[in-house]
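Ready for a few exercises on charged side chains and helices? Take a look at the model first, then work through the tasks one step at a time.

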Amino acid sequence: MGILLWVVGALALASGGLKLRGRVRATVGTARIAVWETAVGALTAVGSGVGLARERPLAWTAVAVTLGFVVVSSVVHIRRTARLRRSREESAEMRLRSHLESGPPST
């Protein structure tokens, strides 16, 4: 059970860390749910080392909560990324249309 807790915690840490890194690199800011996912993953990974696995109901609850954060954070991240991509495509389309409608430059 301790290995399962560690693996789930490491998964949440990696997932949250990559989401945070991607958000910062895109200059969009950080998502609170990704910060919470990283914190819960860290607590789960640390909990595996301090004996959380000895209490089975508590350990299974930690696994379920951590995996729940990973799923919810992933869904939120996918939706935000799709919305950002869609807005960028619309902006590029509007710029292209305005450029084509303005006609050739006069010399």
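Before you start, one definition: a helix here is a DSSP run of type H or I with at least four residues, and helices are numbered from the N terminus. Keep in mind that this is a predicted model.

**Exercise 1.** Find out how many salt bridges the whole structure has.

*Solution.* Start with the idea: side chains of opposite charge can pair when their charged atoms come close. For the cut-off, look for a Lys or Arg side-chain nitrogen within 4 Å of a carboxyl oxygen of Asp or Glu. Searching the whole structure that way turns up 2 salt bridges.

**Exercise 2.** Work out which parts the salt bridge between Glu-37 and Lys-19 ties together.

*Solution.* Check the distance: the closest N and O atoms of Glu-37 and Lys-19 are 3.2 Å apart. Next, place the residues: Glu-37 sits in helix H2 (residues 32–49) and Lys-19 in helix H1 (residues 2–25), so the pair links parts that are 18 residues apart in sequence.

**Exercise 3.** Now locate Arg-97 and Glu-93.

*Solution.* Their side chains form a salt bridge, with N to O at 2.7 Å. Both residues belong to helix H3 (residues 56–101), and they are 4 residues apart, about one turn of the helix. Glu-93 is partly exposed, at a relative accessible area of 39%.

**Exercise 4.** Compare the reach of H3 with the expected span.

*Solution.* H3 has 46 residues. From first C-alpha to last, H3 reaches 67 Å, close to the 68 Å expected at 1.5 Å a residue. Just after H3, Gly-103 has a positive phi of about 85°.

Terms used
Residues are numbered from 1 along each chain as its sequence is written. This is a predicted model: local features need pLDDT of at least 70, side-chain atom pairs count only at pLDDT 80 or more; totals for chains, interfaces and linings use all residues. Side-chain values use heavy atoms; hydrogens and water are left out. Helices (H or I, at least four residues) and strands (E, at least two) are DSSP runs, numbered from the N terminus. Buried means under 20% relative accessible area, exposed over 50%, partly exposed in between (1.4 Å probe, protein chains only). The expected span of a helix is 1.5 Å times one less than its number of residues.
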